[in-house]
Amino acid sequence: MYYYSLFPGLINIGHSMSTTPEITPFPPGHYEVFDIKENQKVKSVELSRFHSCTDVPLHTLYDGLTKLPTGFQLETITSNIRVLFENAVRKRLMAHRRIGCLLSGGLDSSLVAALLLKLSREDNFQYPVQTFAIGTADSPDVCAARKVSWISNG
């Protein structure tokens, strides 16, 4: 009979403590905040539950869309797209940390960044929205992302 550990990486851990450390699983749906001391030791400051599968998801606050108008008129279609797009970005404003935006320089990320900036002003964010881009300094995408970032932050 063979015994397989659920945590094979935790077998025979070496440590310099006088007692054997206790290893406990991290509870699902939680986050933990640590303080790093000057001696490089860490101390747990806060362990909090942020989600339980039986909770109503917080994003449902923004899912209160009543029935959208139907039809193929241009005004109806553009209005529905605008409402759904704003609803999708607003859902993602729920965060325990600062919110930033990855800009590729393309149309999609530029629209998200512009709407995020508008909503952050409406919600009186206490910090500026930061944008990030990935690429070489002179790539067309990064140049376009810089322009969008500069226009957004004026």
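**Exercise 1. Work out whether F132 is buried, partly exposed or exposed, and say what F132 touches.**

Step 1: F132 has 44% relative accessibility. Buried means under 20% relative accessible area, exposed means over 50%, and partly exposed is in between, with a 1.4 Å probe and protein chains only. F132 therefore counts as partly exposed.

Step 2: Strands here are DSSP runs of E with at least two residues, helices are runs of H or I with at least four, and both are numbered from the N terminus.

Step 3: Leaving out residues up to four places away in sequence, F132 touches G100, C101, L102 and L103; a contact means heavy atoms within 4.5 Å.

Before going on, a word on the source: this is a predicted model, where local features need pLDDT of at least 70 and side-chain atom pairs count only at pLDDT 80 or more, while totals for chains, interfaces and linings use all residues. Residues are numbered from 1 along each chain as its sequence is written, and side-chain values use heavy atoms, with hydrogens and water left out.

**Exercise 2. Describe how α1 and α2 are arranged.**

Step 1: Start with α1, residues 74-91. Its 18 residues reach 26 Å from first C-alpha to last, close to the 26 Å expected at 1.5 Å a residue (that is, 1.5 Å times one less than the number of residues).

Step 2: Get the geometry. The α1 and α2 axes come within 10 Å and cross at roughly 70°; axes are lines fitted to C-alpha atoms over the stretch in contact, with angles from 0 to 180 degrees between N-to-C directions.

Step 3: Name the arrangement. The two helices, α1 and α2, are therefore roughly perpendicular to each other, a label that covers 65 to 115 degrees.

Step 4: List who meets whom. F85, E86, V89 and R90 in α1 meet L111, V112, L115, L116, K118, L119 and E122 in α2.

Step 5: Check the cover. T76, N80, N87, V89 and R90 of α1 are buried, and what covers the buried residues of α1 includes α2.

Methods
Angles under 35 degrees count as roughly parallel, over 145 as roughly antiparallel, 65 to 115 as roughly perpendicular and the rest as oblique.
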